[in-house]
Amino acid sequence: INAEYMGVILSSTDPQQARQGLSQLLAQTYDGSVIISEAERVPVEGIEEQRNAYLGDHIRQSAEFNRKREVMDLTRRTKVPQEHIEKLQQEFQCLCLNRESSSTEPLAGITVPKFLQCMQKIGINPELMNLEKLFLVWDTDNNGVLDFKELTFGLSELFEASAEDRLKMCFRSYDTDDSGRLDVNEFKIMLKSSLWRHLSFSFQHLETEEQQIESAYHSIDLNKDGWLDFTEFSIAVKANRKLSSCFESAIKLEGITLWHPKDNRPVMIPLKMAKHCKLCGNIFTPLLHKYHCKFCGHVVCKDCSPNQRLMPLLGYTIPKRVCEACEPMIDRMVQDGLTPPTSPKHTTLSNIKHTFIRNLSNHS
């Protein structure tokens with residue numbers, strides 16, 4: 001009966017409809033007029049509040065269940081220890097924090113700029129691969145962002161694979177039209193990297209860079225069909241010790257870190273540049289002091305930043321001042337288990353006056 005009771009509340013879009021559904025459920029179950037009359041007396045506000053509470057619990061439990069299922073699936077398919085997948089998942093959630101939006105919802109994944117930063121932090125030389133094309137290869141659902149599963153599978157293929165497989169992934173990253181071979185233009189893009197320019201060192205005696213690149217291309221094209229397939233590409237790389245060594249040394253997925261707390265710290269707007277509060281718009285004066293919100297980096301007044309919050313995700317070991325616009329996002333991080341709650345919430349001295357004035361204006 002409890003499951004059916006909760007089901008009625010969750011499936012109802014209107015409080016009145018929920019109360020009517022509860023009356024019918026009780027009538028079918030107990031067939032008692034006393035119980036029905038008691039159900040009719042349940043206040044609509046109480047049902048709506050209870051429904052919201054059920055929905056909130058249901059959403060949190062579903063999200064936690066999906067996270068655990070994703071971890072178990074990735075552990076099974078990548079052979080990486082579960083505790084490390086959980087660590088990477090939490091770091092990925094930190095990467096997806098969106099401080100530039102008014103929404104408290106985290107981003108669905110990481111975009112190209114954050115992906116490039118992430119790969120450099122891991123230790124992938126941007127000169128070695130076309131990382132922007134690699135992003136498109138790993139983005140299997142073609143939605144423009146990499147979710148945690150796509151990123152983990154991609155990194156697993158990159159790190160846990162053989163040197164030959166890593167070489168294939170590199171070849172594919174420069175194959176911009178997915179034809180399975182490199183044309184002259186794609187080869188030119190590759191040789192813009194100082195690392196890949198080793199392939200044309202034998203032709204430095206030629207006058208122009210264009211001649212050097214074309215001569216290198218034709219020398220690698222062993223069957224002279226005007227294209228470079230993977231076999232020809234592989235032979236050329238393995239013949240160059242400098243290049244081949246880049247694919248021999250593997251990084252274990254267990255040893256990487258996607259994110260560090262200080263990576264999430266915002267750029268602080270210089271106090272001298274701020275003329276007015278970012279939130280309320282009041283002009284700063286000698287009596288209206290400037291403060292930094294340590295979560296977004298904007299300059300605000302004391303009335304718009306009354307609280308201090310714990311933010312270990314930003315590398316702060318003690319509570320720091322935050323503005324009122326950022327507090328909902330920090331609350332969401334607490335709900336998601338990404339940061340501990342500040343208990344009791346640290347309150348600045350101005351918060352007492354600020355709260356009093358706000359409550360007074362609400363009652364007037």
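Which residues in H5 are buried? Let us begin with that helix and then visit a few other spots in this predicted model.

**Close-up 1. Helix H5 and its buried residues.** Helix H5 covers residues 82–95. Its buried residues are His84, Ile85, Leu88, Gln89, Glu91, Phe92, Gln93, Cys94 and Leu95. The length of H5 also works out: with 14 residues at 1.5 Å a residue, the helix should span 20 Å, and its end C-alpha atoms are 20 Å apart, so the two values agree.

**Close-up 2. Helix H5 crossing helix H8.** Here H5 meets helix H8, which is made of residues 148–160. Their axes come within 11 Å and cross at roughly 125 degrees. Because of that angle, H5 counts as oblique to H8. The crossing is right-handed. On the H5 side you will find Ile85, Leu88, Gln89 and Phe92, which meet Phe148, Leu151 and Thr152 of H8. Sorted by class, this contact has 5 nonpolar and 2 polar residues, with no charged ones.

**Close-up 3. Helix H7 against helix H9.** Helix H7 (residues 131–138) and helix H9 (residues 163–174) have axes that come within 8 Å and cross at roughly 105 degrees. This angle makes H7 roughly perpendicular to H9. Lys133, Leu134, Val137 and Trp138 of H7 make the contact with Met169, Arg172 and Ser173 of H9. By class, the H7 and H9 contact has 4 nonpolar, 1 polar and 2 charged residues.

Close-up 4. Asn142 sits in the loop between H7 and H8. Asn142 is exposed, with a relative accessible area of 65%. Asp178 belongs to the loop between H9 and helix H10 (184–190).

**Close-up 5. Lys275 in its loop.** Our last stop is the loop between helix H13 (241–248) and strand E1 (291–292), where Lys275 is found. Lys275 is exposed, with a relative accessible area of 58%. Leaving aside neighbours within four places in sequence, Lys275 is in contact with Ile283 and Phe284. Lys275 and Lys290 are 15 residues apart in sequence, and their C-alpha atoms are 9.1 Å apart in space.

Definitions and conventions:
Residues are numbered from 1 along each chain as its sequence is written. This is a predicted model: local features need pLDDT of at least 70, side-chain atom pairs count only at pLDDT 80 or more; totals for chains, interfaces and linings use all residues. Side-chain values use heavy atoms; hydrogens and water are left out. Axes are lines fitted to C-alpha atoms, for helices over the stretch in contact, and angles run from 0 to 180 degrees between N-to-C directions. Helices (H or I, at least four residues) and strands (E, at least two) are DSSP runs, numbered from the N terminus. Angles under 35 degrees count as roughly parallel, over 145 as roughly antiparallel, 65 to 115 as roughly perpendicular and the rest as oblique. A crossing is left-handed if the near helix is turned anticlockwise from the far one by less than a right angle, and right-handed if clockwise. Contact means heavy atoms within 4.5 Å. Ala, Val, Leu, Ile, Met, Phe, Trp, Tyr, Cys and Pro count as nonpolar, Asp, Glu, Lys and Arg as charged, and the others, Gly among them, as polar. The expected span of a helix is 1.5 Å times one less than its number of residues. Buried means under 20% relative accessible area, exposed over 50%, partly exposed in between (1.4 Å probe, protein chains only).
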